[in-house]
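Follow along if you like.

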Protein chains: 2
Amino acid sequence: MSADPLLDETIDPAEVAVEEGANEGRPDDRVDDERHDEENRLKPEYVRAVRLALEEDRKGEVYELVEPLHPADVADLLELFDTDERTDLTIAISDLMTGEVVAELNDWVREEMMEALPADAVALIADQLETDDAVQLIEDLDATDQRAILAEMEAEGRAAIESALSYPEETAGRLMSREFVAVPEHLTVGDLIDYLRIHGTVLGDFFEVFVVDEAHHPVGTCSLSWILTTPRKIALTDVMKRDQTLIPVQMDQEEVALMFQKYALISAAVVDESGRLVGQMTVDDVVHIISEEAGEDALLLSGAGDGDINEPIREAFSSRVRWLVANLGTALVASLIIAAFGGAIEQLVALAILMPIVASIGGNAGTQTMAVTVRAIATNQLTKANTGRILWREARVAILNGVTVAVLVGIGTALVFSVPLGAVIALAMVINVVTAGLAGVLVPVLFERAGQDPAVASSVFVTMVTDSMGFFAFLGLAVASGLVS
Amino acid sequence: MSADPLLDETIDPAEVAVEEGANEGRPDDRVDDERHDEENRLKPEYVRAVRLALEEDRKGEVYELVEPLHPADVADLLELFDTDERTDLTIAISDLMTGEVVAELNDWVREEMMEALPADAVALIADQLETDDAVQLIEDLDATDQRAILAEMEAEGRAAIESALSYPEETAGRLMSREFVAVPEHLTVGDLIDYLRIHGTVLGDFFEVFVVDEAHHPVGTCSLSWILTTPRKIALTDVMKRDQTLIPVQMDQEEVALMFQKYALISAAVVDESGRLVGQMTVDDVVHIISEEAGEDALLLSGAGDGDINEPIREAFSSRVRWLVANLGTALVASLIIAAFGGAIEQLVALAILMPIVASIGGNAGTQTMAVTVRAIATNQLTKANTGRILWREARVAILNGVTVAVLVGIGTALVFSVPLGAVIALAMVINVVTAGLAGVLVPVLFERAGQDPAVASSVFVTMVTDSMGFFAFLGLAVASGLVS
């Protein structure tokens, strides 16, 4: 064997230089094949072919079409279909409907499918899955269904799921995997390899081995690559990393995700209150959490709740209408302010024409600052230690923004209406944009300090502040300046 | 050695049951210690202690305070400080300022620090780092600075960085690691282990071994846990996974992130146009991309650009004011519509009082739908194959929302003003909320089809549609119904 192809530490850059436009002939077996487009989505023509075969009841053809897909792609295909088609497809490809497919399904779609199946069928699927995936399968079902399914399951799997369900949702205890490798401190690298060769085949993929003391407390972690590259006679305690990141069972998934990101973890030990190793979290499970937690803020800020295109219509309606009604309340405050200046508007209809501009720009400026603040809080970048500095920073950005926009609107108004009205609207703009900047920081920060998720309700409050202040500053200044009485 | 502590596949659930409220005595060495709060953020008291020691020029104390921190926490500490404090801190802890700390810094903070350092100092840091981190260090600097730093670097590192920089930003070629293990097909598991024991110590952590043919094309992947649990005499080609996910060098980081999530990858081979293995991406690098890509939509939708609390003020100003000015344009459209109905408002000032309600609720409904749509597009859930179904779904949600809100506002208006005005505003509400729902889906979908990022500009257009339609429907119906002339 030659050393050259075995260890590629550096590659001649000349060999990897990209020819511009040279995009053809990609060797990937998943991207850009006859079923996937260049962004790895199932091609509409492919989906149409499956749908057509399904409608015309050519089950054999449906099976042939779906069979080459990766389980994650089978899940994607199911999600693209509507409820009736999904049922037909499931029947047509029943033996391709593995636990892996079910685990990859969107939460709403999975819940809907599980509710439609009898308890013993769900139990059969749950028995195939790893504990964490099986938990996901049944945690959203109601308690009666859960009990019925658990009763049908094998004892071992049932016990693990019951243990997981005893922890609150979205905590490490609920999400952790109960399969892991823990070894005592006195082993050598060779002992461990011999043991794994004999007993390790029953395990799935694992990336790290945890070293524990007699009390089953983790004392260190060994990456498999160190084990493979260290002489057999070396003691594990000499190669293991002692500086570990331990995850308490009660830790919220958002914190777990931040820990994995911050310390670039591949897996981490989960410990109970007394410090005993009870499970592990691995990065392939955490990536879903990271994506979910980072993505949900855009949805929460917009007032769309858990917004997902697979959410049942009545749930989408009830989570969204709540915020629309809340927003009605804040719009009412704005209307009351306008009503207080009804006389002024009757005298000078230009006020009615211009007032939405002040409110709209203020609202936009507030939303910008709020989005930045919420993201900074979510990533632990904005803490008590730097709130003052960030508030001052945002105030300065707001002054720059406010003055720029005020000059534009002020000149435009002066040209179309009058110079005094231009001055009034310009001043109102500066006041409202600066107010928006301060509210955009303070509202989410105060929600966070009060123990609330700043993404959930900040929007309504910031909008209320910017709308009310916009109308009040503009109409109030118009009256105060003597433009109208 | 007893089998029991060695392989924990199942744990007695009784042993891990959580006692409610039992939250004390967590054994974690990073969470809840004297420097971190329960969410793993640096405690304000700790930050204050460092700041005070720094201000009073007690360098030794600063060093002692910072020394126990993980490099990722040193990076967090630097980010919490302002520019001047950062420089002082860097000097006080200079030998703790490892490459790892620099790699963990926020992009803006790192760029600012690198710009302040002479080229040879940056080169010294870059030489310590892995290629992907070194690239991140210098990719945002201007070309002259880049050349000066590269000239000071060691030849090997320089060549790898130059190769990376030859690929566009945010592509696999730019981000991949050039260190990986590739082995020929004819090896057995034993051959590989022997080889790794001799030569593998020079490598960092790795999780998978790539098997390549003579042309250096990847033919399979071996997870280290399979290698450790398989008898030595078995051929690698018998344990490797042939169904691989290959990443083309030109692939955008967003697609890379989605592939890692979808197929639960730990590492993946990166191949050039001719299918040769040229690098690897590992999940610990991808988690940052996942978080960034999922989180940026909330910022883009709000018009805050790359919004980050560490972004320099002038850049925050320029990226935000652009959208405020664009919004001014859309607000102008709304004002023109109001102006067209100036006479009606003079006759009935209640119109001016109520019109912001119609526009505001419409804007909110549009934002909800838009956020859901943008997220579904970003996660490849909304494709050409299901656009029609999703549009119909959102239309139904919008009708439910619109009718609910219309009834509330209609009744309120009828009580306060008049029944005909209540009817007019209720109808305008339904029209505007339904329009908002359709625009919330169609605007981002059309941007996506046109090859644009739907998160960037959708807001402005959706707001323009909902504002204009809100004022037009309400004021137009008021005139058409004969309420005003």
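How many salt bridges does the rule find across the interface of domain 2 of chain A and domain 3 of chain A? I looked, and the rule finds 0 there. For my own reference, a salt bridge is a side-chain nitrogen of Lys or Arg within 4 Å of a carboxyl oxygen of Asp or Glu.

**Entry 1: ground rules.** I note that this is a predicted model, where local features need pLDDT of at least 70 and side-chain atom pairs count only at pLDDT 80 or more, while totals for chains, interfaces and linings use all residues. Residues are numbered from 1 along each chain as its sequence is written, chains are lettered from A and ligands numbered from 1 in the order in which they are written, and side-chain values use heavy atoms, with hydrogens and water left out.

**Entry 2: the domains of chain A.** I wrote down domain 1 (31-171), domain 2 (182-299) and domain 3 (313-480) of chain A; the bounds come from an automatic or database domain assignment. The C-alpha centres of domain 2 of chain A and domain 3 of chain A are 48 Å apart. Their contact (heavy atoms within 4.5 Å) involves 6 residues from domain 2 of chain A and 7 residues from domain 3 of chain A.

I then looked up the area that these two domains bury between them, which is about 430 Å², with 43% of it on carbon and sulfur atoms. Buried area is the accessible area (1.4 Å probe) that two parts lose on being put together, summed over both. On the side of domain 2 of chain A, L258(A), A294(A) and D297(A) supply 78% of the area buried against domain 3 of chain A, more than any other three residues. The elements giving two or more residues to that side are α17 (253-262) and α18 (283-302) of chain A. Helices (H or I, at least four residues) and strands (E, at least two) are DSSP runs, numbered from the N terminus.

I sorted that side of domain 2 of chain A by residue type and got 2 nonpolar, no polar and 4 charged. In this scheme Ala, Val, Leu, Ile, Met, Phe, Trp, Tyr, Cys and Pro count as nonpolar, Asp, Glu, Lys and Arg as charged, and the others, Gly among them, as polar.

**Entry 3: chain B against chain A.** Here 180 residues of chain B are in contact with 179 residues of chain A. The two chains bury about 16100 Å² between them, and carbon and sulfur atoms give 62% of this. How many salt bridges does the rule find across the interface of chain B and chain A? I found 8. D76(B) forms a salt bridge with K262(A), with the closest N and O atoms 2.8 Å apart.

Helix α21 (residues 350-378) of chain B gives the most to the side of chain B that touches chain A, namely 16 residues. That side of chain B divides into 91 nonpolar, 44 polar and 45 charged residues.

**Entry 4: a pair within one helix.** R110(A) and D107(A) meet in a salt bridge at 2.6 Å, N to O. These two residues are 3 apart in helix α8 (residues 107-116) of chain A, so about one helical turn separates them.

**Entry 5: the sheets.** In chain A, an open sheet of 3 strands has the order β5-β6-β7, with mixed pairing. Strands pair if DSSP finds at least two bridges between them. The edge strands β5 (247-248) and β7 (277-282) of chain A each pair on one side only. Strand β6 (residues 267-271) of chain A runs antiparallel to β7(A), joined by 5 bridges, and S267(A) has T282(A) as its bridge partner.
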